[in-house]
Amino acid sequence: DEIETPLVPRLVKHRRFRAVFISRLHPKKGLDNLLSAWAGLAKEKSDWELIIAGPDEGGYAATVDQLMQKLNLTDSVRRVGKISHESKVKLLKSADLFVLPSYSEGFTSAILEAMAAALPVVATRECNFAQLFQQGGGWECDATHTSLTDALRLALTASETERHQRGSSGRQLLEREYTWDHVCHRLLQACASYCNQ
């Protein structure tokens with residue numbers, strides 16, 4: 001099902017901060033690591049919630065739901081299923097942090113969408129977006145429980161000013177390197193270089 005509400009209601013009315021995971025639900029996306037790390041941080045950072053959005057793939061959503069129950073995360077984590085593009089934009093605008101803890105990725109548009117929303121990012125090195133973190137756009141980590149927990153702790157305890165600055169750095173990188181004009185220019189340069197060999 002798709003959520004069409006402007007914003008996903010906060011799990012607790014006083015809760016101020018929101019982290020989001022938006023991607024298909026598949027074992028390679030690292031949700032087992034994310035939920036385990038979140039469980040370790042939930043008590044010390046009770047002013048945060050995690051929203052998991054994305055289509056189920058191969059029935060993995062049931063595994064995610066079971067792990068949420070096992071780790072007692074129903075008070076701080078919500079899975080909302082597949083969402084429309086409009087709802088995705090609104091969810092990103094409502095967030096304070098984007099998380100993608102994948103074990104393996106090619107080139108992921110999910111991180112570009114987070115950058116477009118000026119969100120700071122926590123992602124694994126396996127997401128292959130080193131340039132974002134070199135520019136200060138978030139916190140990069142290994143695809144392990146300990147490394148992800150450490151990166152999340154840094155993100156959740158950072159000041160709002162720092163998170164805003166990191167999100168702005170990601171947005172600026174997107175505007176410099178990932179607009180269609182820039183991509184087409186690089187493609188034309190590559191073609192010209194190949195043809196001149």
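This is a predicted model: local features need pLDDT of at least 70, side-chain atom pairs count only at pLDDT 80 or more; totals for chains, interfaces and linings use all residues.
I began with strand E4 (residues 97-100) and strand E5 (residues 121-124), and I found that three bridges join E4 to E5 and that the two run parallel. I noted that helices (H or I, at least four residues) and strands (E, at least two) are DSSP runs, numbered from the N terminus, and that two strands pair if DSSP finds at least two bridges between them.

Residues are numbered from 1 along each chain as its sequence is written, and side-chain values use heavy atoms, with hydrogens and water left out.

Next I traced the open sheet of six strands, whose order is E3-E2-E1-E4-E5-E6 with parallel pairing. Its edge strands are E3 (77-81) and E6 (138-141), each of which pairs on one side only.

I then turned to the helices, taking contact as heavy atoms within 4.5 Å and angles, from 0 to 180 degrees, as those between N-to-C directions of axes, which are lines fitted to C-alpha atoms, for helices over the stretch in contact. Helix H2 (residues 60-70) packs on the sheet, touching E2 (48-53) and E3, and its direction makes about 165° with that of E3. Helix H6 (residues 145-157) lies across E2, E4, E5 and E6, running at about 170° to E6.

Last, I checked pLDDT, the predictor's confidence in each residue, from 0 to 100, which averages 88 over the protein chain.
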